[in-house]
Amino acid sequence: MVKLRTRSQIDAGVTGTARTDRRTAALLSRLSSGDVAVLDQVDLDGPTAEALVEAGVVAVVNRSAMISGRFPNRGPRLLVDAGVQMVDQVTGTGDRDPFSAIPDGRRVRVLGGSVLLGDQVVAEGREVTAADVTDRLAEAQAGLGSQLQSLTHNSVEFLRREEALLLHGVGVPRLRTKIQGRPVVVIDHGPDVTTDLRRIRRYLREVKPVVVVTGEGLTAAREAGLSPDVVVLDSRIEELPPADALRAARDVVVTEPPGAMRNAGAGSERFERIGVRAAAMQTTATPADAALLLADTARARPLVGVGLRGTVEDFLDGTREGLGSGYVTRLRVGPRLVDASAVPMLYSGQLRARHAYLVLLVGLVAVLAAIATTSVGHEWMLDLRDQVSDLVTQLRGSL
């Protein structure tokens, strides 16, 4: 239930611990209830807003515009409905960067469009109210057509650029992990990833599929007790996942734009320094899409997606990167991809030995009961009773 604030509470603003990070995915993993999230994301998307609400933040301070007008993104509406205060287009006092002006881990107060440290205003922006969200989303509705055109254009460009990979698997590295003919679970960092992993826990335990994770999905996989077989990373990632997690995987694949410098990707010193031998995959696809293409090219059957985004709304309401690769990749893998939410409805579990014995016992009892109702069966039961009685008498006499 959303807890609405009173007029006096609105006038007083909200107070919480500032959590700042330019990388939204990294920020989401650090948030706790009562925090003030400081980020930099144009057109706050729905999945990110859902994660912010789930974390229990009291305010979101955005360096960029919550709604740019390109299309009606649903993130700000979700925050409004949850009673989360919003400020966007924020700059630090004296034209400082807000990420340096707002100290990470310090208690701050968000009042109107201002961010205060104690009594000092350290950053200012534009307060985003419910009325603002309604008006701006109405205006942005006109931009939906151009966004669809952008999706189409980016998809065609990705298809043209990655034709060899999509049609013939050119550039896909050879893995040590055996995938052909085996079920594969691909895990990304979507907002429902933890719930999805709980839903398919039985499937994971009994089927033992190959587990392929992206760098951002690695934390959720490890928290669920999974040891990934393959980790797919973007060569542009600023901070590598824990070294022990990468070393535990049989394969580490790094996506690199075609023609990228080798010292920036799979062959870079930062992988060699932690004792990880990474394989390069020449593609501009996102790590999640690259993971799907990797598994599909290796003829995995089937593919289960956990924390992936695959609807048209997701493509329009997600991050701008990978706009084309996501759509084309879903067309490429086609019906072989199953969303994790559907697995419990499709998979009823394996038949265990004790289940088979129980069925056999129930069947035997049913047969004996049926025989006992006949005249021949009745005679058999009498004979069996007499034989059991004689056996008991003999045992007593021998004691």
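Trainee: What makes the Asn62 side chain and the backbone nitrogen of Ser64 a polar contact?

Mentor: In this predicted model, the Asn62 side chain reaches that nitrogen at 2.9 Å. The cut-off for a pair of N or O atoms is 3.5 Å, so the distance falls within it.

Trainee: Why is Asn62 called buried?

Mentor: Asn62 has 0% relative accessibility. Buried means under 20%, so Asn62 qualifies. Asn62 is found in strand β3. Asn62 touches several residues beyond four places away in sequence, among them Leu39, Asp40, Val87 and Asp88.

Trainee: Why is Leu148 called partly exposed?

Mentor: The relative accessible area of Leu148 is 38%. Buried needs under 20% and exposed over 50%, so Leu148 lies in between. Leu148 sits in helix α7, residues 144-161.

Trainee: What makes β4 and β7 a pair?

Mentor: Five bridges link β4 and strand β7, residues 120-128, and at least two are needed, so the strands pair. The sense is antiparallel. Gly92 has Ala123 as its bridge partner in β7.

Trainee: Why is β4 said to be largely enclosed?

Mentor: Six of the eight residues of β4, residues 85-92, are buried, so the rest of the structure largely encloses this strand.

Conventions
Residues numbered from 1 in each chain as written. Predicted model: local features only at pLDDT ≥ 70, side-chain atom pairs only at ≥ 80, totals over all residues. Heavy atoms only, no water. Buried < 20%, exposed > 50% of the residue type's maximum accessible area, 1.4 Å probe, protein only. Helix = DSSP H or I, 4+ residues; strand = E, 2+ residues; numbered from the N terminus. Polar contact = N/O pair within 3.5 Å; in protein donor to acceptor, adjacent residues only side chain to side chain. Contact = heavy atoms within 4.5 Å.
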